Amino acid sequence: MPAYAVAHLHRTNLVPEVVEYLERIQATMDPFSGRFIVHGGPMEVREGTWPGALVVLEFPDMTRARAWYESAAYQEILALRTRNIEGDLILIEGVSEDHKATDVLGE
């Protein structure tokens with residue numbers, strides 16, 4: 001089942017360290033078959049407020065998502081982002097292709 005790294009970046013700051021992070025992140029994801037599926041871009045807020053940007057990375061499964069985040073290669077560049085951009089990041093498991101809303105009821 002796919003897994004996702006979801007980041008809500010509250011304040012972005014495109015300083016040289018962030019540029020370096022952007023230049024290096026793909027190489028940290030490749031060994032774990034990670035890919036960007038959302039990377040900032042225009043959005044339409046329909047409920048509540050949403051300051052900042054959204055980034056979603058997809059991995060084949062939670063094991064590889066965790067392994068990417070905990071990898072030496074990613075940990076080496078992480079501070080380039082966290083020193084310059086405030087935000088939150090979670091790893092979350094996706095659902096199967098045949099998932100229905102009522103599946104969460106556990107019936």
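## Sheet, helices and core

β2 and β3 pair in the antiparallel sense over 4 bridges. Pairing requires at least two DSSP bridges between strands. Helices (H or I, at least four residues) and strands (E, at least two) are DSSP runs, numbered from the N terminus. Phenylalanine 36 stands opposite leucine 57 of β3.

This is a predicted model: local features need pLDDT of at least 70, side-chain atom pairs count only at pLDDT 80 or more, and totals for chains, interfaces and linings use all residues. Residues are numbered from 1 along each chain as its sequence is written, and side-chain values use heavy atoms, leaving out hydrogens and water.

The open sheet has 4 strands in the order β2-β3-β1-β4, with antiparallel pairing. β2 (35-39) and β4 (86-93) are the edge strands.

Two helix arrangements follow. Axes are lines fitted to C-alpha atoms, for helices over the stretch in contact; angles run from 0 to 180 degrees between N-to-C directions.

| Elements | Angle |
|---|---|
| α1 and β2 | about 135° |
| α2 and α3 | roughly 55° |

The axes of α2 and α3 come within 5 Å. Trp68, Tyr69 and Glu70 of α2 meet Ala72, Tyr74, Gln75 and Leu78 of α3. Contact means heavy atoms within 4.5 Å.

The largest nonpolar core has 20 residues. Such a core joins buried Ala, Val, Leu, Ile, Met, Phe, Trp, Tyr and Cys residues through side-chain atoms within 4.5 Å. Buried means under 20% relative accessible area (1.4 Å probe, protein chains only). Ile25, Leu57, Phe59, Trp68 and Tyr74 have the most contacts inside this core. Beyond four places in sequence, phenylalanine 59 touches residues including Met29, Phe32 and Trp68.

Methods. Buried < 20%, exposed > 50% of the residue type's maximum accessible area, 1.4 Å probe, protein only.
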